Amino acid sequence: MGGGLHRTAPINPHLAVTHEQGTYPPVRLAGVSVDLPRKLPSLPESLLPREHNLYRPRHSSRQRTALVAATLFFCLPALLLVVGVRPARFENRDLAEFPSVTDGWSFFTGLNAWADDHIPFRDKAVAAADGISRGVFQEPPPVVVRRPQEPGGPIPLPSGDPSLDQPDPTAYVRALEGKDGWLYLGADVQQACEPKIELGEVFTRLNRLRTAVEASGRRFVLVVAPNKSTMVPEKMPAKYFGKACHQQATEAFWASLTARTGALDLRPALREAATRAGRPIYTQYDSHWDHDGSVVLARRIVDAVQPGTSASWKVEPTKVVERFGDLATLAGRTETERFQAYDVKPDGVNVRSHILTGDEAEPQRSTQPPTKGVVDTKVGLLGDSFTYAGTQFLVAGFTDITVQHMRALVDDPFRVGRMFAANDVVVVQVAERNLTGGINAVLNTKVLEAIESELVKAPR
């Protein structure tokens with residue numbers, strides 16, 4: 001009986017309904033004995049006549065308000081999508097994709113990541129949280145990813161370290177604040193500590209790709225872009241969650257990378273460039289290197305394809321450029337950085353560096369006449385954001401190069417395989433964190449199968 005038994009007025013016997021449900025003894029209300037009906041109504045309370053003292057409206061005004069609020073809460077993101085508001089990709093990664101129904105129970109666990117990423121104005125909310133936290137409470141906001149279990153103990157802290165003013169870290173963060181205001185990508189730590197694929201298997205799959213390319217009669221060059229935390233460790237905070245496993249995983253990765261896969265190790269050349277510049281060549285608010293690092297990448301790839309080619313290069317400074325720091329954006333802030341741009345003259349006279357135009361989602365091809373300091377062969381390069389930070393220097397070193405973004409492997413790995421098959425040399429550039437974490441698409445076995453199938457069709 002949904003209506004309750006407390007009544008303040010006599011029951012009108014003319015409004016009783018005849019279907020018998022049960023009997024109840026008299027009750028006393030305000031000192032007056034009242035007989036309850038011996039037959040209860042068979043209709044729902046909301047359908048009884050308004051005069052019936054068991055009548056209850058289906059929804060009160062408060063219930064309607066709550067329903068409207070709930071509807072707006074759950075449907076507003078979808079409505080904003082309809083009118084053109086799209087979730088911003090402001091973190092240093094792609095937005096989570098909607099999980100597949102073929103994933104089994106993982107479909108339900110994957111919904112959280114997708115829903116979090118696709119909330120409209122999420123980037124504005126993060127920025128507002130950062131502004132309030134720093135402006136009102138004078139401290140950075142807690143940008144927690146999640147809290148796994150890890151044993152730890154007290155760590156001695158050097159003076160001037162910002163982590164002195166923070167409680168002991170108990171979770172991974174998206175943007176890790178280091179010394180002197182330097183920011184680091186939290187994924188560097190988390191992916192190293194919680195890899196999706198064991199390191200030995202990562203090397204095995206990279207070698208599978210090399211074997212497929214070389215078996216087709218083509219040359220293969222693998223190059224790994226080191227993490228900022230690897231190249232500028234002196235600005236890292238003295239304490240952060242996952243420090244022990246992060247350092248251990250980083251050391252194990254670099255100790256075995258070249259021997260196990262034949263990959264180019266850029267670290268010595270990057271250190272030399274930093275020494276010449278008199279500063280780190282990874283910037284304060286971004287997870288990538290500046291143009292000095294991009295020039296190092298271009299020269300190493302050119303010389304890997306044809307040794308000694310870049311010896312004739314003349315790299316001249318031009319203007320100072322600006323960019324927004326991706327880590328500052330991740331932390332909800334807006335920070336711009338200034339660094340030196342360059343012209344590359346492979347023959348020492350003529351500028352051959354130039355910005356590629358067009359959609360990064362599509363393969364971008366650049367051709368030029370042969371000259372000194374330029375490799376005269378067809379090259380297909382698959383790279384990530386480190387490659388795209390300085391493609392203008394890469395195109396300077398080849399007569400024919402096609403550059404494709406790594407995300408194309410997710411959209412259509414067969415297309416990437418055909419791009420490889422159209423060239424004589426295949427170059428793959430991958431960020432360290434995506435290999436230590438085992439999350440790069442090039443490690444996916446189905447992707448490897450797709451590439452293999454296209455290369456087999458077009459042997460050299």
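A residue is called buried under 20% relative accessible area, exposed over 50% and partly exposed in between, with a 1.4 Å probe and protein chains only. The model is predicted, so local features need pLDDT of at least 70 and side-chain atom pairs count only at pLDDT 80 or more, whereas totals for chains, interfaces and linings use all residues. Residues are numbered from 1 along each chain as its sequence is written, and side-chain values use heavy atoms, without hydrogens and water.

**Exercise 1.** Determine whether Phe253 and Trp254 are buried or exposed, and classify their ring pair.

*Solution.* Step 1: Phe253 has a relative accessible area of 0% and is therefore buried. Step 2: Trp254, at 8%, is buried. Step 3: rings of Phe, Tyr and Trp (its six-membered ring) pair if their centres lie within 6.5 Å; planes under 30 degrees apart are stacked, over 60 edge-to-face, and the rest tilted. Step 4: the centres of Phe253 and Trp254 are 5.2 Å apart and their planes stand at 85°, so the pair is edge-to-face. Step 5: Phe203, Phe253 and Trp254 form one aromatic cluster.

**Exercise 2.** Classify the pair of Tyr282 and Trp289.

*Solution.* Step 1: the distance is 6.0 Å centre to centre, with 65° between the planes. Step 2: this aromatic pair is edge-to-face. Step 3: both Tyr282 and Trp289 are buried.

**Exercise 3.** State how many residues of H4 are buried.

*Solution.* Step 1: helices (H or I, at least four residues) and strands (E, at least two) are DSSP runs numbered from the N terminus. Step 3: among them are Gly186, Asp188 and Cys193.
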